[in-house]
Amino acid sequence: MFHSGLVYLTEDASHDAVIELINEEAFGPGRHTRAAARIREQGPHDLSLSFICTDNGEAIASVRMTPVLAGAVKGHLLGPLAVRPSHKNRGIGRELVRIAIEAARRKGSEGVILIGDPPYYMPLGFEKVAYQALAFPGPVDPNRVLVVPLAGDVHDRLKGVIAWRDCGAAKAAASGFDDSAAKKAYASA
């Protein structure tokens, strides 16, 4: 699908404020209480796998990927995925998902996991995870837990707790992130 003016870019730290605004428009203040948000609070997302879309230089959509260990799968949690209301229903979100999955595949991720609407995500390659196979740090509708398997036997290994995964201690240290607090927070959840 051709859109003049649309450019897809890898996220960088300068995009934080506009991404927060886009997510606020899309999900409102309750977004911070969801189980997926609680995983994202445990550690930083992977900037190399997170993307924005701009329209004539203005950021209008984003998707983030957070490294997770889901049972025995070293994967990534996709989301939030958000598109500004002015640009919805143009295929921008689907393209961001496609770009993020392909980037995760190239980086060696074993699977891309999310909590989302099956009718939207299944045509993009997502499959349902076995009912209640993963334990989230909060309530989740198990029918909305989906995965794009990027390695062998992913479905067999998606059993157990899902939590943030430190896939680069130096990267986390450089950002000032102390994962011991996140581990304690998750253990008490």
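The questions below take the labels one by one and set each value against its definition.

This is a predicted model, in which local features need pLDDT of at least 70, side-chain atom pairs count only at pLDDT 80 or more, and totals for chains, interfaces and linings use all residues. Residues are numbered from 1 along each chain as its sequence is written, and side-chain values use heavy atoms, with hydrogens and water left out.

Q: Why is the contact of Glu25 with Arg84 called a salt bridge?
A: The term requires a side-chain nitrogen of Lys or Arg within 4 Å of a carboxyl oxygen of Asp or Glu. For Glu25 and Arg84 the closest N and O atoms are 2.6 Å apart, so the pair qualifies.

Q: What makes this pair a tie between separate parts of the chain?
A: Glu25 belongs to helix H1 (residues 16–27), whereas Arg84 sits in the loop between strand S4 (73–83) and helix H3 (92–107); the pair therefore joins parts 59 residues apart in sequence. Helices (H or I, at least four residues) and strands (E, at least two) are DSSP runs, numbered from the N terminus.

Q: Why is Arg84 called buried, and why is Glu25 called partly exposed?
A: Buried means under 20% relative accessible area, exposed over 50%, and partly exposed in between (1.4 Å probe, protein chains only). Arg84 has 15%, so Arg84 is buried. Glu25 has 36% and therefore counts as partly exposed.

Q: Which other residue meets Arg84 in a salt bridge?
A: Glu58 does, at 3.3 Å from N to O. Glu58 is in strand S3 (residues 58–70), 26 residues from Arg84. With a relative accessible area of 43%, Glu58 is partly exposed.

Q: How many salt bridges does a search of the whole structure find?
A: The search finds eleven. Among them is Arg157 with Glu110, at 3.2 Å between the closest N and O atoms. Arg157 lies in helix H5 (residues 154–157) and Glu110 in the loop between H3 and strand S5 (111–115), so this pair ties together parts 47 residues apart in sequence.

Q: Which residues lie nearest the centre of the largest pocket?
A: They are Phe27, Arg34, Gly79, Pro80 and Leu81, out of 43 lining residues. S4 gives the most to this lining, with seven residues.

Q: How does the lining of the largest pocket divide into nonpolar, polar and charged residues?
A: The lining has 19 nonpolar, twelve polar and twelve charged residues. Ala, Val, Leu, Ile, Met, Phe, Trp, Tyr, Cys and Pro count as nonpolar, Asp, Glu, Lys and Arg as charged, and the others, Gly among them, as polar.

Q: What makes a set of grid points a pocket?
A: On a 1 Å grid over the protein atoms alone, a pocket is an open set of points where a 1.4 Å probe fits, with protein on both sides within 12 Å along at least five of seven lines; lining residues have an atom within 4 Å of a point.
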